[in-house]
Amino acid sequence: MSFMQALKARWNDSASLVCVGLDPEPAKFPTGFAGDDEGVFDFCRAIVDATAEYACAFKPQIAHFAALGAEDALTRLIAYLHASHPGVPVILDAKRGDIGSTAQQYAREAFERYAADAVTANPYLGRDSVQPFLDRADRGVVILCRTSNPGAGDLQDLVVDGRPLYQHVASMVARDWNENGNCALVVGATWPEQLREVRAIIGNMPILVPGVGAQGGDAEAVVRNAASADGTGLLVSSSRAILYASNGADFAEAAGRAARELRDTINAARR
Ligand SMILES: O=c1ccn([C@@H]2O[C@H](COP(=O)(O)O)[C@@H](O)[C@H]2O)c(=O)[nH]1
């Protein structure tokens, strides 16, 4: 099954548009979890088991593992996700993109080494820098369009031929890059107006929406402005607000509760 087929099936089966972000930060772990490979894996596994029921996808952020030298934990975590929660797609948030020969290695890293179902990619270098990902029709390519951070507009809003650059990215991906039907876009929850504009450009293509929770985005506005015609089309991603909902012994239950509450907030807005 391809990433897009798996995502559609999971939206349906879970009745959830929540993507649980996995950004391990040992300083925020509860007592008893070390910052080494073992501790990172054990913490993330507990979070995954507590939240899978409410998740349409998981999104491990590669820098949070690599900075700790915990790449083995990431490999084991994705293998664990596939084995214990089959059917829940895994998006590796790596924001890759480089000249073709290097991009090929990034594609191998995401899809062979880590066995991710999809990867985030940066379109700044142009189509050839993303082509090795696009060529993998069975895997997803989630392309940065209008990011959630405060400085997103510095470059992404620059007006080119009468419209902002992020709208060109949206059009180009929807019209030209999505030949294999395996593309999605990233648009931050912190920009509801831009979400609405992007949805109008791209039809039903999925949008990964980080920025609810710790970054303050409004989940209801995300759904109102950017759900697709059938009420899906979104992966509303939250990391810290779920992972660190409690740093006590109840951390996993608190994470499950936070994921469930986000799912319910989103679903109330879908009706
Ligand atoms: O525009 C973007 C693209 C990616 N991210 C990533 O999502 C999570 C957000 O974490 P929170 O704790 O829910 O704020 C993180 O991994 C970012 O690297 C993003 O925030 N914005």
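Strand 1 and strand 2 (residues 57-60) run parallel and are joined by 4 bridges; strands here are DSSP runs of E with at least two residues, helices are runs of H or I with at least four, and both are numbered from the N terminus. Two strands pair if DSSP finds at least two bridges between them. This is a predicted model, in which local features need pLDDT of at least 70 and side-chain atom pairs count only at pLDDT 80 or more, while totals for chains, interfaces and linings use all residues. Residues are numbered from 1 along each chain as its sequence is written.

In strand 1 (residues 18-22), 5 of 5 residues are buried, where buried means 20 or more other C-beta atoms within 10 Å of the residue's own, exposed means 12 or fewer, partly exposed lies in between, and C-beta atoms are placed from the backbone. In a regular strand the side chains alternate between the two faces of the sheet. Val 18, Val 20 and Leu 22 are buried on one side of strand 1, and Cys 19 and Gly 21 on the other.

Strand 10 (234-238) is also among the elements that the buried residues of helix 10 pack against, together with helix 9, strand 9 and helix 12 (251-270). Those buried residues are Ala 219, Val 222, Val 223, Asn 225 and Ala 226. Helix 9 (residues 192-202) has Gln 194, Leu 195, Glu 197, Val 198, Arg 199 and Ile 202 buried. Their cover includes strand 5 (140-146), helix 8 (165-177) and helix 10 (219-226). Gly 203, with a positive phi near 65 degrees, follows helix 9.

Lys 95 carries the annotation "active site" in an unreviewed UniProt entry; UniProt positions are given in the numbering used here, feature names are shortened, and annotations may be inferred rather than shown by experiment. Lys 95 is in strand 3 (residues 91-96). It counts as partly exposed because it has 19 C-beta neighbours inside 10 Å. Leaving aside residues up to four places away in sequence, Lys 95 touches Thr 120, Ala 121, Asn 122 and Leu 144, contact meaning C-beta atoms, placed from the backbone, within 7 Å.

The model scores ipTM 0.99 and pTM 0.98.

Definitions and conventions:
Two residues are in contact if their C-beta atoms, placed from the backbone, lie within 7 Å.
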